[in-house]
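Reader: I am new to this structure and would like to go through its backbone step by step. Could you take my questions one at a time?

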Amino acid sequence: MGGLVARYALRDMEMNKGEIHDTKLYISHDSPHQGANVPLAAQALVRHLVGTDISLPFFFSLFDANIVNLGDQVPALQDALALVESPAAQQMLIYQLQGTGGNVSINGSTPHDSFLTEYQNMGYPSQNGIRNIAIANGTDCGSPLDFNPYDPLIDANIKVDLYALLTNVPFAVINSISLNPLKTLSSLLSTNTDLKAEFSLRALPSQQSLEIYKGKLFIKKKILFLINVEEPLIDELRLNSGSNMLALDNANGGIFDISTFAQLPPELDDYVFQDRFNFVPAYSSLDVGMGATVITPQDLLKVYDATMPPAAPKNVPFDNFFTNPIQSEKHIQFTLNNGNWLVNELAGTPDITTCVFACDISTTQIQGPDDVCTTATFSLPGGADTYTWTSTSTDVNITSAGNQATVTRLNGYNGSIILRATIDAPGCGVVDQPVVREIWVGDAVVNRWDQVDKLETGLSDPISSGSCEDIALRLDISPGNPLAIEWERVTTNFTISQQGTKYAILAPFSDGYIELRVRLLNNCGWSRWYYYGLNINGCDSGGGFVFRAYPNPTSGNMTIEATGQRESSQKSVLKSSVERGTIDVLRLYDFNGRMVFERKQWTTGNLDLSTLKNGTYVMEITVGDTIETQQIIIDK
């Protein structure tokens, strides 16, 4: 209330007293300019119990004899009632009740409305260029407390077993004295007697009429093990929220503890689900719209950024304001952050600050293009103290300027890099927070060619164009989804019968070496041509065998494997060699005919060719009296 009283007094001096107050800085700290909130369900609990007597009916239940008044027995209830009925509370509480005991209802005509009308009409101090500032203990992220609208606040279902031998006769005597023959009989015939208390308190839902409070205290009897009978000790109360009410209990704002509002018995500790609530909503402490606009559920989740304040009509009327980073704090809590901010204001060096960038730092992403062709700029939300940009590759250069970084491609590099930014903003609770993104630099590339079953290509199964089988090729491409792909034959002894984004089916029609090439298009343009070749046997004679060499082109490591025979006319020794995957002699020749590599009696598998220079070679594989040649390309 201090901020309200100060504002009211300063403005009253200006308007009505004609006095000069000589105030240069008006500070509002989590002040409820548009009202405060105490959970309506908690107000209902207090009003229900404080006006309730534990009573016993008498003379055929026509009258009640009051035995114990709960308000007299629990002084904290009287204190809580005095609090909610105080003039200040009636002027401040946005939602409030009237009545006590079993006659509690929503108060639709409160002093709150008339006070706010007067208060808002007065406006803000303006004499001699006074500066008006506000500290809100809600968060600038707009995030609610860690529970949802209509979640349970307290849900107590307490049962105390009463021993039948000790209670039935006394109850029967009391009921007979009070002239209640039916209750006298039920006491005598009860096989189980319990004292039960059921109290359910829920947070306000969002603009829905739902039951937010239920309270009852009663004796439950089971007659002859069959019939349940309830005998109330206090009037039961049920209360629904209004359909126009906002979900204020868990909203963003300065926090209060329920135990501060009303001291609950320790026996209820196990039944309390939420022990704090939003006391001063952020929209109220910032006086959003100055009370001249309707506050909506969306306004409860709004981000309030002092560097980009909201526009009219839901503007913040202060010259500067501070909201807490990341999460709401206790009402009028001073912290190092808001304290330093206030010191700067007092020193005449205002600091307009924000931590909005840190509201959901775990999902922060580096913004920028998918490809770096020559140079590209990437960014993160601003507001942190420092940003440190690095990369996993030396083939790019990074020039950083705060929350932005420019990445420049070097040495014609084609490949992926990891761009990393480390964010530091201790005042916003962010220290060494990494954000990473994988980025492609340069042209698209073909990493590997594979021969696969045609069903793996996703293309249809074409009719073979000759006496030998078609060949299905699959590409491993980086990045994974080029804008376009272009296939082209280098030799003419085959056709490309079908092709897709990463697949092609080749239909050879004669023995010999076949070769094709492919290039890819990404945002940087067309890549260079990538070549693939293999030797075909069996199209002419129906015999022969194939050794598969891949990847081709290779960067130095190649796999050689026997794919098996095609016809039964193979000699038995050749069949055995193929099945075992053994090769008598494997040689590589350069295009000048010089032998540059040799392996004898070698078992198929991985072949290390990293010592050879880039270029095109002829691989000669000898098994028995059969020789197969293939052309391979080394491209490191």
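Reader: In which loop is aspartate 22 found?
Author: In this predicted model, aspartate 22 has a positive phi of about 55° although it is not a glycine. As for its place in the chain, aspartate 22 is found in the loop between α1 (2–17) and β1 (25–29).

Reader: Is aspartate 22 buried or exposed?
Author: A residue counts as exposed when its relative accessible area is over 50%. Aspartate 22 has a relative accessibility of 60%, and therefore it counts as exposed.

Reader: Is aspartate 287 buried or exposed?
Author: Phi of aspartate 287 is near 50°, a positive value in a residue other than glycine, and this aspartate 287 lies in the loop between α10 (282–285) and α11. Buried means under 20% relative accessible area. With a relative accessible area of 1%, aspartate 287 is therefore buried.

Reader: Which residue does a cis peptide bond join to alanine 312?
Author: Most peptide bonds are trans. Here the bond is cis, with omega about 10°, and the residue concerned lies in the loop between α11 (297–300) and β14 (320–324). The residue joined to alanine 312 by this cis bond is proline 313.

Terms used:
Residues are numbered from 1 along each chain as its sequence is written. This is a predicted model: local features need pLDDT of at least 70, side-chain atom pairs count only at pLDDT 80 or more; totals for chains, interfaces and linings use all residues. Side-chain values use heavy atoms; hydrogens and water are left out. Helices (H or I, at least four residues) and strands (E, at least two) are DSSP runs, numbered from the N terminus. Buried means under 20% relative accessible area, exposed over 50%, partly exposed in between (1.4 Å probe, protein chains only).
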